[in-house]
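Subject: Structure for you to look at

Hello,

Here is the structure I promised to pass on. Please open it alongside this note.

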Amino acid sequence: MIFSEVAARLGLDNTPGLTVAANLKLVAAFMEKIRTLLCDKSIVVHSGYRSVEVNQAVGGVATSAHCHGLACDFVCPAFGAPAEVALAILKSDIGYDQLILEYGWVHIGLAQEGLSFRREALTKRSPWAAYELGIRA
Ligand SMILES: [Zn+2]
């Protein structure tokens, strides 16, 4: 959840502090629920925690949940395409804050502990596209 190819390539520190590390444990436990939902198929994590510097380097939005260790970008090829994965999560009763079908992966974000979650579902078709409401395959 803390490995970053961009951080490694650019020599950026991507070591989380204690609060973020605790959040990452919540995300890891949450991803176990997702894996169960996806018929226990292997999940490939593309991005978990991103330090502010790493987030800027990958062009992430400044308010990104990744910077708080509360988000995970992933795919699950053995289950299906990202759209199929996002739709399975959407139809489940799993309590996420934000679910985004991105161009090639699924982003899932959790709320800070103790805060209520929005269960917001969005689609982003390209780095330049605006967010669309709902999961749109
Ligand atoms: Zn993300």
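Below is what was found in it.

The model is predicted, so local features need pLDDT of at least 70 and side-chain atom pairs count only at pLDDT 80 or more, while totals for chains, interfaces and linings use all residues. Residues are numbered from 1 along each chain as its sequence is written, and side-chain values use heavy atoms, with hydrogens and water left out.

Pocket. By type, the lining residues are 19 nonpolar, 13 polar and seven charged. Strand β1 (44-47; strands are DSSP E runs of at least two residues) gives the most to this lining, with three residues.

Rings. The rings of Y103 and W105 are edge-to-face because their centres lie 4.8 Å apart and their planes are at 70°; pairing requires centres within 6.5 Å, and edge-to-face requires planes over 60 degrees apart. Separately, the charged end of K124 sits over the ring of Y131, 4.6 Å from its centre (the rule is NZ of Lys within 6 Å of the ring centre and within 35 degrees of the ring normal).

D40 has a positive phi, near 65°, and is exposed at 55% relative accessibility (exposed is over 50%, with a 1.4 Å probe and protein chains only).

Regards

Notes. Rings of Phe, Tyr and Trp (its six-membered ring) pair if their centres lie within 6.5 Å; planes under 30 degrees apart count as stacked, over 60 as edge-to-face and the rest as tilted. Helices (H or I, at least four residues) and strands (E, at least two) are DSSP runs, numbered from the N terminus. Ala, Val, Leu, Ile, Met, Phe, Trp, Tyr, Cys and Pro count as nonpolar, Asp, Glu, Lys and Arg as charged, and the others, Gly among them, as polar. Buried means under 20% relative accessible area, exposed over 50%, partly exposed in between (1.4 Å probe, protein chains only).
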